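I'm opening my notebook on a new model today. Here is what I looked up, entry by entry.

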Amino acid sequence: MTSLEAAQPFTVTDLKQHIYCQRISYFHLCLPDIRPVTRKMSIGIERHVDERKRAARRTMAMYGLTEGELLFDVDVTSSRLNLVGRLDQLVIAADELIVVDYKVASRHGKHQEVQLAAYAMMAEESYLLPAKRGFIYLTKAKKAVEIRISSQLRKIVESALQEMTVIQQTERMPQPTEWRQRCLDCEFRRFCNDV
Ligand code: SF4
């Protein structure tokens with residue numbers, strides 16, 4: 001058993017939340033029953049689905065390609081990382097994979113870049129082609145932001161998964177995020193008495 005292995009696979013959503021605030025991943029991994037689904041989250045899920053339907057009509061030109069296979073809602077997994085996820089869109093070109101994630105937002109954050117890198121790493125394991133780049137499609141801005149799947153992003157994925165394994169095994173609550181403005185509309189705020 002390696003240091004990245006745990007009883008159940010982590011999800012890419014767990015990973016993204018961990019990067020955003022380690023305490024969110026603690027609540028999700030160690031106290032899963034307390035997680036509310038807020039109205040904001042419900043609206044976000046509905047819009048996300050609508051946007052993905054529209055995405056089916058877009059062309060490969062958006063990704064700088066003339067041809068390739070376009071797949072939607074692709075399940076990806078990695079036994080090495082002990083990670084699973086469902087990717088919004090995967091482009092299989094002759095010599096590369098391109099991962100695409102849709103966000104109901106006008107800008108993106110580091111946690112979403114890490115999420116994209118995790119999808120890329122899993123897709124590489126499944127399709128045996130390199131995934132050197134991906135896109136975050138921002139539905140509110142109607143633009144696709146290209147993200148390089150760098151070695152730095154890949155290291156962040158691996159170290160975050162190790163941290164999550166420790167949190168799950170010890171059930172110790174991490175410190176709150178340094179970025180306290182994130183707490184303002186956090187669904188877990190009532191469980192964090194120190195922010
Ligand atoms: S309220 Fe702040 S510290 Fe607590 S889980 Fe949310 S973001 Fe993290």
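This is a predicted model: local features need pLDDT of at least 70, side-chain atom pairs count only at pLDDT 80 or more; totals for chains, interfaces and linings use all residues.

**Strands, helices, ligand**

I started with strand 2 (residues 69-78) and strand 3 (residues 83-92), which run antiparallel and are joined by nine bridges. What do strand 2 and strand 3 form, and how many residues sit between them? They form a hairpin, with four residues between the two strands. In the turn I found asparagine 82, which has a positive phi of about 60°.

Next entry: helices. For two packed helices, I note the angle between their axes and the distance between the axes. Helix 2 (residues 22-30) packs with helix 5 (residues 151-170) at an angle of about 50°, and their axes are 10 Å apart. Helix 2 and helix 5 are therefore oblique to each other. I also checked the handedness: helix 2 passes helix 5 in a right-handed crossing. From helix 2, the contact is made by Gln22, Ser25, Tyr26, Leu29 and Cys30. Helix 5 brings Glu163, Met164, Ile167 and Gln168 to the contact. I sorted the residues of this contact between helix 2 and helix 5 into five nonpolar, three polar and one charged.

Last entry: the ligand. Which residues surround the ligand? I listed Cys21, Arg23, Ile24, Pro176, Thr177, Arg182, Cys183, Cys186, Phe188, Arg189, Cys192 and Val195. That shell around the ligand divides into eight nonpolar residues, one polar and three charged.

Notes: Residues are numbered from 1 along each chain as its sequence is written. A residue is near a molecule or strand if its C-beta atom, placed from the backbone, lies within 6 Å of it. Ala, Val, Leu, Ile, Met, Phe, Trp, Tyr, Cys and Pro count as nonpolar, Asp, Glu, Lys and Arg as charged, and the others, Gly among them, as polar. Axes are lines fitted to C-alpha atoms, for helices over the stretch in contact, and angles run from 0 to 180 degrees between N-to-C directions. Angles under 35 degrees count as roughly parallel, over 145 as roughly antiparallel, 65 to 115 as roughly perpendicular and the rest as oblique. A crossing is left-handed if the near helix is turned anticlockwise from the far one by less than a right angle, and right-handed if clockwise. Two residues are in contact if their C-beta atoms, placed from the backbone, lie within 7 Å. Two strands pair if DSSP finds at least two bridges between them.
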